[in-house]
Amino acid sequence: MVAVTGREPDSRRADGAMSSSDAEDDFVEPATPTATQAGHALPLLPQEFPEVVPLNIGGAHFTTRLSTLRRYEDTMLAAMFSGRHYIPTDAEGRYFIDRDGTHFGDVLNFLRSGDLPPRERVRAVYKEAQYYAIGPLLEQLENMQPLKGEKVRQAFLGLMPYYKDHLERIVEIARLRAVQRKARFAKLKVCVFKEEMPITPYECPLLNSLRFERSESDGQLFEHHCEVDVSFGPWEAVADVYDLLHCLVTDLSAQGLVVDHQCIGVCDKHLINHYYCKRPIYEFKITWWEREMALSLCGPQWLRPVLEENGLELFFLWKQSWTPSWLMSVLIKMSLGVTPWIDPESDMI
């Protein structure tokens, strides 16, 4: 049986191969991009830079030599201005880097002459050195304060791998309690102890190391948890309890919190025989926002110019009623040359 179709005969060979003439007919040459299509494409040729390079670092303008940017080969700046990468320019022809340029001048000064920033800018310049991967600058900044001291502090905190977790726990507990009480601060108890087990006066003469050693069976008799929110300890180092307290206040303050703490006693849990816990317990007060010292409009209008003329700033935010005796006390103190001060908690002068 012979089947007849309406298709033209296929010139391809039976084995599926294609003849050379067919290949030439089917080949389509890639289209060359037009000027419009290539307008937003990056240059294919290496980018050339002038000897004096104008820079725009996040809106801050700088000018430096090309050799300064290429001073250290393994840096991000040297790679950017090597010609292998395309750097856009602004309307004035300055090479643009989308980065805050506040401290870029300190980076340039180091590349130019090896100058280092003052102490108050070390941390900020260190971040810029990390971004631009300037190894020599990073090494020198790490040997300056406060970064050098921070390395020592972190070595101490490394003895307590739970430190960051417990620090976050303090913040979370303080936040929850402040929200529940609708208060601007919250209090919690923190136990900070250096020795794992208590040392009695009878054992002090026998203490010849940073940690007093007892047998494992004796140690189990002293295992307990103080009734506090968070505990820190023990650790083996010269740094004492007050050093750890300073670390806690420093790290909490870095989060924008106002922190106050005081020792409110010791854990008096009886363990065995004449042994008691005696771990110190501290009350931490975490304040979420501070009251501002300002004059409130709720007071008598005639009193405001009098107080402002004398340069006084008083707490009037919670004083809703003004009695003659209260005003008389203020005026008497002012007449005697004494600056009146109002307790924000009780409104007492």
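## A pair within helix α7

E150 and R153 lie 3 residues apart in helix α7 (residues 147-157), a separation of about one helical turn. Helices (H or I, at least four residues) and strands (E, at least two) are DSSP runs numbered from the N terminus. The side chains of E150 and R153 form a salt bridge, with an N to O distance of 3.1 Å; the term denotes a side-chain nitrogen of Lys or Arg within 4 Å of a carboxyl oxygen of Asp or Glu. R153 is buried, at 15% relative accessibility. Buried means under 20% relative accessible area, exposed over 50%, and partly exposed in between (1.4 Å probe, protein chains only).

## Basis of the model

The model is predicted: local features require pLDDT of at least 70 and side-chain atom pairs pLDDT 80 or more, whereas totals for chains, interfaces and linings use all residues. Residues are numbered from 1 along each chain as its sequence is written, and side-chain values use heavy atoms, leaving out hydrogens and water.

A salt bridge joins R177 and D229 at 2.6 Å, N to O. This pair connects distant parts of the chain, 52 residues apart: R177 belongs to helix α8 (residues 163-181), and D229 to the loop between α9 (216-220) and β5 (230-232). R177 is partly exposed, its relative accessible area being 28%.

E51 and R65 form another salt bridge, their closest N and O atoms 2.9 Å apart. Here too distant parts are linked, E51 lying in the loop between α1 (20-26) and β1 (52-57) and R65 in strand β2 (residues 60-65), 14 residues apart. E51 is partly exposed at 43% relative accessible area, as is R65 at 45% relative accessibility.

## Overall count

The whole structure contains 8 salt bridges.
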